[in-house]
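The sequence and the model come first.

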Amino acid sequence: MHFTLLRRSLSNLKGPGKNYNILVVGGGIAGPALAFFLHRYGMKPVVVERAPELRLSGQWVDLQAEGKEVAWRMGIESKVREKITEEQGTHIVDSAGRPQASFDVNSFGERGFVEELEIRRPELSNILYEQIRNDVEYVFGDSPQAIDDRGDKLQVKFANGNLREFDLVVGADGIHSKIRRLVFGDESLISYADLYAAYFDIPRTDSDGSWVRFYSAPGGRSVALRPYSQNRTQVYLCFRSKERGYENLDVDMQKRLIQKLFADVGFEAPRILRELPNLDDFYFDSVGQVKTDRWSKGRVTLVGDAGYCPSPLTGMGASVALVGAYILAGELSRHQDYNEAFKQYETWMRPYVTKAQKIIPGSVRLALPNTRTAIILRNAILGFVFRPAITRFITKLITSKAPQKSVLPNYEAVSTP
Ligand SMILES: Cc1cc2nc3c(=O)[nH]c(=O)nc-3n(C[C@H](O)[C@H](O)[C@H](O)COP(=O)(O)OP(=O)(O)OC[C@H]3O[C@@H](n4cnc5c(N)ncnc54)[C@H](O)[C@@H]3O)c2cc1C
């Protein structure tokens with residue numbers, strides 16, 4: 001069967017679950033993916049996004065194993081594949097930009113550290129939005145202010161003053177989720193990595209080439225430049241700090257903070273800092289993980305970063321968001337009782353999230369050493385490890401010969417068209 005016909009025949013697969021009308025809060029990655037599957041299973045999602053339009057910012061995100069499979073089940077894998085990175089590898093450089101250690105994309109087997117489906121976040125977000133924009137109500141520039149549980153319905157008060165009723169509410173509103181705060185209390189659920197990251201892109205110059213260049217400066221600071229397009233280069237600036245709350249500063253103050261913290265840094269930092277004041281597209285956040293004992297309370301549940309952000313340190317954020325959306329929608333389609341659906345969602349997701357949130361101890365210190373000596377030592381070790389003979393040996397050790405088999409439940413098989 002032609003692919004689009006197959007996809008059409010899969011839309012609106014109605015399972016035994018009820019025709020819930022569901023408010024999905026957040027139009028990032030998890031939100032539109034959830035709305036896609038809810039619509040496919042015959043439910044009525046409404047997506048509300050606080051930003052006035054789709055937030056097309058951010059850098060590369062990975063789609064790994066199950067994340068790729070959800071993309072395939074949505075029918076978007078080929079669109080994602082059109083947009084994957086074509087960079088050649090990564091140079092760890094010194095302050096003059098000279099490579100100290102290098103690994104190309106094939107150093108550790110097929111595509112090496114560059115995941116097979118590594119896509120720019122704005123493009124993934126846009127692909128997901130395009131999948132549902134004609135089928136699902138999307139509200140931009142608004143946000144829930146209060147949720148009143150009336151027993152058989154939730155009454156949601158929006159910032160624009162509207163009152164609407166929903167059967168269920170899902171918080172897909174990112175690491176600093178307001179829905180999580182409304183339902184479970186304050187932000188104590190975030191376990192911070194004492195690390196901040198800023199992502200943005202700047203005009204490309206000849207020095208940028210087709211390799212990622214990563215530089216560590218003393219004081220736990222790093223500068224990375226990554227090929228993005230013919231005329232833009234992406235920048236990642238990271239710094240370690242135990243101070244809390246920089247993510248709550250306004251953008252101008254965040255930029256001033258970066259200017260101050262990176263003023264004495266070499267490599268390409270002076271060029272980056274010159275561009276900083278002119279940038280509209282600037283993303284800054286604290287790096288942390290969301291850890292909660294449960295993701296649901298009454299008729300409200302959480303999906304993606306809102307419930308279980310694994311942090312960019314794991315490279316699992318987008319995969320976990322897609323898988324969470326797929327499982328939650330699938331369980332709601334499978335069960336008459338939303339409590340049972342939420343329970344099964346959590347039962348399936350909990351071990352997956354626990355695994356996804358594993359961070360190699362010391363990885364932040366390895367990526368952002370504090371002292372010049374530690375940086376030189378780290379670069380020397382990486383220079384040795386990334387020699388071709390060593391990477392071939394490591395690849396042999398870590399590559400599994402077992403065929404990959406799907407672990408995701410197949411909800412379409414249990415749905416009755
Ligand atoms: C602009 C942006 C850029 C990012 N860039 C990167 C990156 O470069 N690399 C990386 O690894 N990760 C990045 N992330 C995080 C990454 O997208 C997530 O870790 C992951 O994909 C999970 O997605 P999510 O949908 O759960 O959360 P998010 O992608 O964070 O999406 C949450 C959405 O909810 C919206 N929202 C927040 N609060 C409310 C509210 N009260 N009401 C309504 N809507 C609300 C936000 O505007 C956002 O669109 C970025 C996130 C954002 C928002």
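## Serine 177

Serine 177 sits in the loop between strand S11 (168-171) and helix H6 (178-184). Helices (H or I, at least four residues) and strands (E, at least two) are DSSP runs, numbered from the N terminus. The model is predicted: local features need pLDDT of at least 70, side-chain atom pairs count only at pLDDT 80 or more, and totals for chains, interfaces and linings use all residues. Residues are numbered from 1 along each chain as its sequence is written, and side-chain values use heavy atoms, leaving out hydrogens and water.

Serine 177 is buried, with a relative accessible area of 0% (buried means under 20%, with a 1.4 Å probe and protein chains only). A polar atom of its side chain lies 2.8 Å from the backbone nitrogen of arginine 180. Beyond neighbours within four places in sequence, serine 177 is in contact with Leu302 and Ala306 (heavy atoms within 4.5 Å).

## Ligand site

Of the 30 residues around the ligand, Ala30, Glu49, Gln59, Arg121 and Asp305 come nearest. A residue belongs there if one of its heavy atoms lies within 4 Å.

An oxygen atom of the ligand is 2.6 Å from a side-chain N or O atom of aspartate 305. A polar side-chain atom of arginine 55 lies 2.9 Å from a ligand oxygen. The protein covers 93% of the 920 Å² of accessible area that the ligand has on its own (Shrake-Rupley method, 1.4 Å probe).

## Shell make-up

Strand S2 (44-49), strand S3 (60-63) and helix H10 (317-334) each give two or more residues to the shell. H10 gives the largest share, three residues.

Definitions and conventions: A polar contact is a pair of N or O atoms within 3.5 Å; within protein, one must be able to donate a hydrogen and the other to accept it, and residues adjacent in sequence count only if both atoms are side-chain atoms. Buried means under 20% relative accessible area, exposed over 50%, partly exposed in between (1.4 Å probe, protein chains only).
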